Amino acid sequence: MIGLDVTIVFVSLFLVFIFLGFYGKYWRRGNLNHVHEWSLAGRKLGTTLVFFLIGADLYTAYSFVAIPSGIFAKGSLYFFAIPYVMLTFAVALVTMPRLWTLSRERGYITASDFVKDRFGSKTLAIMIAVTGIIAELPYIALQIVGMQSVLTVMLAGSVNSQTVQEISLLIAFVALAAFTYTSGLRGATLTAVFKDILIWITVIVVIIAVPISIGGFGNAFKQVNQSYVTLPDSLVPAYATLVLGSALALYLYPHAINGVLSAESAKKLRKSTALLPLYGVGLAILALMGILVYGVPEAMNFLSGFPESTRGILVVPSLILFTMPGWFSGIALLGIFIGGLVPAAIMAMAQANLLTRNIIKEIKPSLSDNSEIRITKISSTIFKFIALGFVFTVPATYAISLQLLGGVLIAQILPAVFFGLYVKSLRKLPLIIGLLVGIGSGIYMIEAANNFGPLSSSLFKTYFGPLYIAVIALAFNLAIAFGGSAILNKSAIRQKKN
Amino acid sequence: MRADYVILALLILIPSFVSLGVPIYNREYPELIGLPFFYWFQTLWLVASAGFYLAFTHIKGKEQ
């Protein structure tokens, strides 16, 4: 059972969070009945705010749950998240300022807007919107799993813990839905800054205090085997392809592009992107908690009371609870809790934009601006509750595996979105076929790699060793997109000659 | 002008090469405050890459 001090700090900070969310409406006031005002905060966020907003996409439950949990259970392989962060901003620096500039000129709100305009294909644009919406769903579910892990640790040993947990999540989501409905991206941005301050305080204190209290990192590393110290040779290709595939995929997610397009200028966008690898340092610290926890016997003892499959996701909150004073745990745990809520809001908003602009409006072009913004607001609320319902009905470990599948799917829109920015020779038909083949082969490989059972691996055994499936499927996809375009262009030239 | 492009490309490619070149950092020693090389090297490179990217941004900004 936790002390009263933890609960009091946790609840009071949560109230501050809700206040900030609603206050967002009055901050840098704009007409929130316009789509670009509501979902892109009027496209006027500066370097610092874009830094925090896109940083919020990095410090999600993925960093608190999936990565430390993977390191705790499997070892060094999951540290791939660190070089991935380093590489993803190189990708962003090359692609995103160009997408920003085109979007400002032509009024795009989503990547799908760009693709429709660039290739003149409704089919391709709708396919890209649908892929984005589907890939985002398990990502939101993962955020909720992260929030659940905080509540599970806080409520351990109390009566009716399951019911209390579900009610708490429901309250948190109703509050979140209410303030995103009224404040849009402004509310999400303000709360993102608040959340990141709490998280930074947490990681800095933990990385100093915990190694000191257990007598140095060395003592934690003594408790684990060699596959936690360095990477086994057989996993080197897996590590490199996980880095590559994840780095290519991050800026294809609708919520990341949404953050990018809210920047005030391409220059400010570049500057904040250049600084974002610093965020990864916090992620590295969280990842190391998956090993540090082995040096804290009280935390290990507490974790052993849970089934093996769910221990990993509880690592970070339990390590904090067993090494920090109560009031500080309250701050840190709330930081992780809203660390799931803020990204969930941004993700649902990005899904809603895709659904309204790129699917509903395509089918019914007469949609008025007023209806467009109303449908966007309502569907962003619905998407949040779909994810919540998903978490209530399926086990937590499924959310993590589906997130793996989401990564494989979203990587397949890369040829149209990234190469579409620079390569003139690409044609729509090969892009459509490439996307379908990429998605089909990706799903098949991920099923085959897991023997058509529950998903736990995203690596496919090949001649070169196990490789990240997103990368293999993307290679097929790119070959078709470029090869097919080359053939079409050649035959077009020949026809002209005749 | 051409020299600028080479520098810009290098500022992006060097950190990319380091992040994908796993054998560069897949070793245990030398340790730093008890952390194996594998962990501290990659973490420090995050800071270094921000330096590379800032230089990229700076040169790009002058260009326009």
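**View 1. Helix 23 of chain A, residues 469–497**. This 29-residue helix belongs to a predicted model. Its first and last C-alpha atoms lie 43 Å apart, close to the expected 42 Å (1.5 Å times one less than the number of residues). Helices here are DSSP runs of H or I with at least four residues, strands are E runs of at least two, and both are numbered from the N terminus. Buried residues of helix 23 include A:Ile469, A:Ala470, A:Val471, A:Ile472, A:Ala473 and A:Leu474. A:Asn477, A:Ala481 and A:Ser485 are buried too. Buried means under 20% relative accessible area, exposed over 50%, and partly exposed in between (1.4 Å probe, protein chains only).

**View 2. A:Lys496 in helix 23 of chain A**. A:Lys496 is exposed, with a relative accessible area of 77%. A:Ser441 is 55 residues away in sequence. The C-alpha atoms of A:Lys496 and A:Ser441 are 36 Å apart.

**View 3. A:Lys195 in helix 9 of chain A, residues 185–213**. A:Lys195 is buried, with a relative accessible area of 0%. A contact means heavy atoms within 4.5 Å.

**View 4. Helix 14 of chain A, residues 277–292**. Its 16 residues should span 22 Å, and the end C-alpha atoms are 23 Å apart, which agrees. Of the 16 residues, 15 are buried, so helix 14 is largely enclosed by the rest of the structure.

**View 5. The setting: chain A as a whole**. Chain A has 23 helices and two strands. Its radius of gyration is 22 Å, close to the 23 Å of the globule rule for 498 residues, so chain A is as compact as a globular protein of that length. That radius is taken over C-alpha atoms, and the rule is 2.2 Å times the number of residues to the power 0.38. The C-alpha trace spans about 80 × 55 × 40 Å along its principal axes. Buried residues make up 62% of the 498. Among contacts with a separation of 6 or more, 83% join residues 24 or more positions apart.

**Notes.** Residues are numbered from 1 along each chain as its sequence is written, chains are lettered from A and ligands numbered from 1 in the order written, and side-chain values use heavy atoms, without hydrogens and water. In this predicted model, local features need pLDDT of at least 70 and side-chain atom pairs count only at pLDDT 80 or more, while totals for chains, interfaces and linings use all residues.
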